[in-house]
Amino acid sequence: MGLTDNVHQLSREHLKTGPDGKAHKVPALLEELRNAVTPGHAGSAGGSDGGPPIPINPNALDLLCEIERDSRRDYFEITSEAWDSTLEELLQRFATMDLAADWSAYLERVSLEYIDQITAMLWPVKPRRKLVGKVCPSCGWATYGEERKTCLSLGCWDDEGAMKKVGEWDIECGSCEAGWTGEQMIFLLRALDTRDEIELTQAR
Ligand SMILES: [Zn+2]
């Protein structure tokens with residue numbers, strides 16, 4: 001990681017490792033963020049004229065404006081000149097400038113923050129559901145480690161953040177790494193008596 005690499009991810013098509021473990025070409029993060037500002041725009045197939053107005057995602061717009069404003073301000077503070085081209089070109093300019101060490105460290109940090117903010121907004125990850133206070137039948141513990149993390153967790157969200165069918169859930173132990181799926185998982189859920197917390201019937 002470094003400023004050059006951060007700018008590359010933000011402003012150019014780049015390679016990213018997918019769930020299949022292979023590297024895929026993905027668009028620049030700023031391009032993805034721009035597309036998210038008007039989500040109906042890119043995906044609307046066969047768009048007829050006179051349809052409803054394109055909705056705006058205000059959070060995506062705010063983040064984009066914030067990154068643009070801060071970057072232009074930084075450039076002005078460094079050079080005493082206003083930047084007169086696109087945000088992408090500005091970030092790429094930062095990566096090739098002969099910067100003072102403190103500016104270099106600052107821009108490296110904020111560019112990484114931009115990556116994290118865009119990623120968190122566009123692809124929010126729902127955490128596995130902790131089964132607090134439940135004892136793992138494999139290792140016999142409910143918590144592990146100095147931080148006393150919860151052993152058992154339930155995976156019930158798909159990649160889009162929607163709840164999966166109960167039969168596709170899984171339970172894992174973070175301590176002994178035992179795992180349960182399918183009928184075994186359902187049997188274990190019942191054995192742990194988690195029904196009231198997890199609302200099995202509602203999720204079905
Ligand atoms: Zn265990």
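Biologist: Which residues of H2 meet which residues of H4?

Modeller: In this predicted model, Leu33, Arg34, Ala36 and Val37 of H2 meet Ala60, Leu61, Leu63 and Leu64 of H4. By class, that contact has 7 nonpolar, no polar and 1 charged residues. Arginine counts as charged, and Arg34 is one of the residues that H2 brings to the contact.

Biologist: What makes H1 roughly antiparallel to H5?

Modeller: H1 and H5 pack at an angle of about 165°, and their axes are 9 Å apart. The cut-off for roughly antiparallel is over 145, so H1 is roughly antiparallel to H5. The crossing of H1 and H5 is left-handed. On the H1 side, the contact is made by Leu3, Thr4, Val7, Leu10 and Ser11, and on the H5 side by Glu88, Leu91, Gln92, Phe94 and Ala95. By class, the contact of H1 with H5 has 6 nonpolar, 3 polar and 1 charged residues.

Biologist: How do you know whether Leu3 is buried or exposed?

Modeller: Leu3 has 23 other C-beta atoms within 10 Å. A residue with 20 or more counts as buried, so Leu3 is buried. The place of Leu3 is in H1, which spans residues 3-11.

Biologist: Which residues does Leu3 touch, apart from those up to four places away in sequence?

Modeller: Leu3 touches Phe94, Ala95, Ser104, Leu107, Glu108 and Ser111. The C-alpha atoms of Leu3 and Ala105 are separated by 8.3 Å, although these residues are 102 apart along the chain.

Biologist: Why does Ser80 count as exposed?

Modeller: Ser80 has 7, so Ser80 is exposed. Ser80 is found in the loop between H4 and H5, the latter covering residues 87-96. Ser80 also has a phi near 60°, a positive value in a residue other than glycine.

Biologist: What makes Arg148 exposed?

Modeller: Arg148 has 10 C-beta neighbours inside 10 Å. That falls under the limit of 12 or fewer, so Arg148 counts as exposed. Arg148 is found in the loop between strand S4 (143-144) and strand S5 (149-150). The phi of Arg148 is positive, about 50°, although Arg148 is not a glycine.

Biologist: What does the chain contain in helices and strands, and how much of the chain is buried?

Modeller: The secondary structure comes to 9 helices and 8 strands. Buried residues make up 18% of the 204 residues in the chain. Among contacts between residues at least 6 apart in sequence, 47% join residues at least 24 apart.

Biologist: What is the average pLDDT of the chain, and where is pLDDT below 50?

Modeller: The chain averages a pLDDT of 87, and 86% of the residues score at least 70. Over residues 42-47 the pLDDT is below 50, and this stretch has 1 contact in the model beyond near neighbours in sequence. Over residues 199-204 the pLDDT stays under 50 too, and the model has 5 contacts for them beyond four places in sequence.

Methods: Residues are numbered from 1 along each chain as its sequence is written. This is a predicted model: local features need pLDDT of at least 70, side-chain atom pairs count only at pLDDT 80 or more; totals for chains, interfaces and linings use all residues. pLDDT is the predictor's confidence in each residue, from 0 to 100. Two residues are in contact if their C-beta atoms, placed from the backbone, lie within 7 Å. Helices (H or I, at least four residues) and strands (E, at least two) are DSSP runs, numbered from the N terminus. Axes are lines fitted to C-alpha atoms, for helices over the stretch in contact, and angles run from 0 to 180 degrees between N-to-C directions. Angles under 35 degrees count as roughly parallel, over 145 as roughly antiparallel, 65 to 115 as roughly perpendicular and the rest as oblique. A crossing is left-handed if the near helix is turned anticlockwise from the far one by less than a right angle, and right-handed if clockwise.
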